[in-house]
Amino acid sequence: MSELITSNNLEQVIEKNNLIKDDILRLTNDFTVRFNKSRVTGQDKLSFSVLKENHLIQIPIDDEYWGGAIITKENIKIPVINTAQPRVYQYFVAWHEIYHLFYDLSLRDETHNIAVDMDLNERRADYFAAKMIFGNVYDYYYSLDDEDFIDRVIKCMDVYKAPYKAVLIELFEEAVTKYNDLDLKEKILEHFDNKPENLVQKFIDLELDAELVKPSYVVSLGGLEKKIQSVMKENPDVSHHKDNYQFLLTLKNKIKKGVEGLAK
């Protein structure tokens, strides 16, 4: 059963993180060595680059709680990202799914779904995502001159391209386990369940790029279109390849028309 992270169970989340920390740090090191041979910089670019090599499907779905999934069939695993979510959530979900794609041994012949609001049962994947995204967010937070707590958190969101709660969880962990920073701990608990209502305007007010907290509405079917085109070129007399291609184009157009409705 899934459970949302709130101020009431935040300390239990940190305790779980502590139990899995060494293992997750080992996996983040393993990922960097095995999957970033091109030395891609920018964690957002890296995660999507790796997922695209594994036929990432990007599709806007009108569900604020559905962030992504791994579709499995026999030995095939296809990652899916909901691009109707703000980009900042997509980046976190991308790393979450990378954990399941490469390291989740329990993922077998079933569809794995996640909720954006960080299910405790997915703690390992969420912690992997956090450790891939964040640097020393605690020091960065205190390097900011802003007196307003929320403004500082939003600037952390901007720098690390991370969701509001993910920033607070990372700060809370550092405050509790490393620095015994009771003042910061209390501020986080005070604000944890009250995410700012209009993050777009908050970003604009702070002179930050608000695109980060808007949906991208990207439609990409995992390279399937190019694959069918290639097969058609190799076998021009086979009619069902043309039928498949036409079906794919029709499907893509329907999705794009649906996107127009979501974007209004």
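What distance separates the centres of domain 1 and domain 2, taken over C-alpha atoms?

**View 1. The two domains of the protein chain in this predicted model.** The domain assignment divides the chain into domain 1, covering residues 7-213, and domain 2, covering residues 223-263. Taken over C-alpha atoms, the centres of domain 1 and domain 2 are separated by 33 Å.

**View 2. The packing of helix α2 against helix α3.** Two packed helices are described by the angle between their axes and the distance between the axes. For helix α2 (residues 43-52) and helix α3, that angle is about 45 degrees, and the axes are 9 Å apart, which makes α2 oblique to α3. The crossing of these two helices, α2 and α3, is left-handed. On the α2 side the contact is made by Q43, D44, L46, S47, F48, V50 and L51, and on the α3 side by Q90, Y91, A94, W95, I98, L101 and F102. Sorted by class, the residues in the contact of α2 with α3 are 10 nonpolar, three polar and one charged.

**View 3. The packing of helix α3 against helix α4.** Helix α3, which spans residues 87-102, and helix α4, which spans residues 123-133, pack at an angle of about 120 degrees, and their axes lie 8 Å apart. Because of this angle, α3 is oblique to α4, and the crossing in which α3 passes α4 is right-handed. From α3 the contact takes in Y91, F92, W95, H96, I98, Y99 and H100, while α4 contributes R124, A125, D126, F128, A129, A130, M132 and I133. The contact of α3 with α4 contains 11 nonpolar residues, together with two polar and two charged ones.

**View 4. The packing of helix α1 against helix α4.** The axes of α1 and α4 cross at roughly 60 degrees and come within 8 Å, so α1 is oblique to α4. The crossing of α1 and α4 is right-handed. In α1, the residues V13, K16, N17, I20, K21, D23, I24, L25, L27, T28, F31 and T32 meet R123, R124, Y127, F128, K131 and M132 of α4. The contact of α1 with α4 is made up of nine nonpolar, three polar and six charged residues.

**View 5. The salt bridge between D23 and R124.** A search of the whole structure finds 12 salt bridges, and D23 forms one with R124, in which the closest N and O atoms are 2.4 Å apart. D23 lies in helix α1 (residues 10-35) and R124 lies in helix α4, so the pair ties together parts that are 101 residues apart in sequence.

How values were computed:
Residues numbered from 1 in each chain as written. Predicted model: local features only at pLDDT ≥ 70, side-chain atom pairs only at ≥ 80, totals over all residues. Heavy atoms only, no water. Axes fitted to C-alpha atoms, helices over the stretch in contact; angles between N-to-C directions. Helix = DSSP H or I, 4+ residues; strand = E, 2+ residues; numbered from the N terminus. Parallel < 35°, antiparallel > 145°, perpendicular 65-115°, else oblique. Left-handed = near helix turned anticlockwise from the far one by under 90°. Contact = heavy atoms within 4.5 Å. Nonpolar A, V, L, I, M, F, W, Y, C, P; charged D, E, K, R; others polar. Domains from an automatic or database assignment. Salt bridge = Lys/Arg side-chain N within 4 Å of Asp/Glu carboxyl O.
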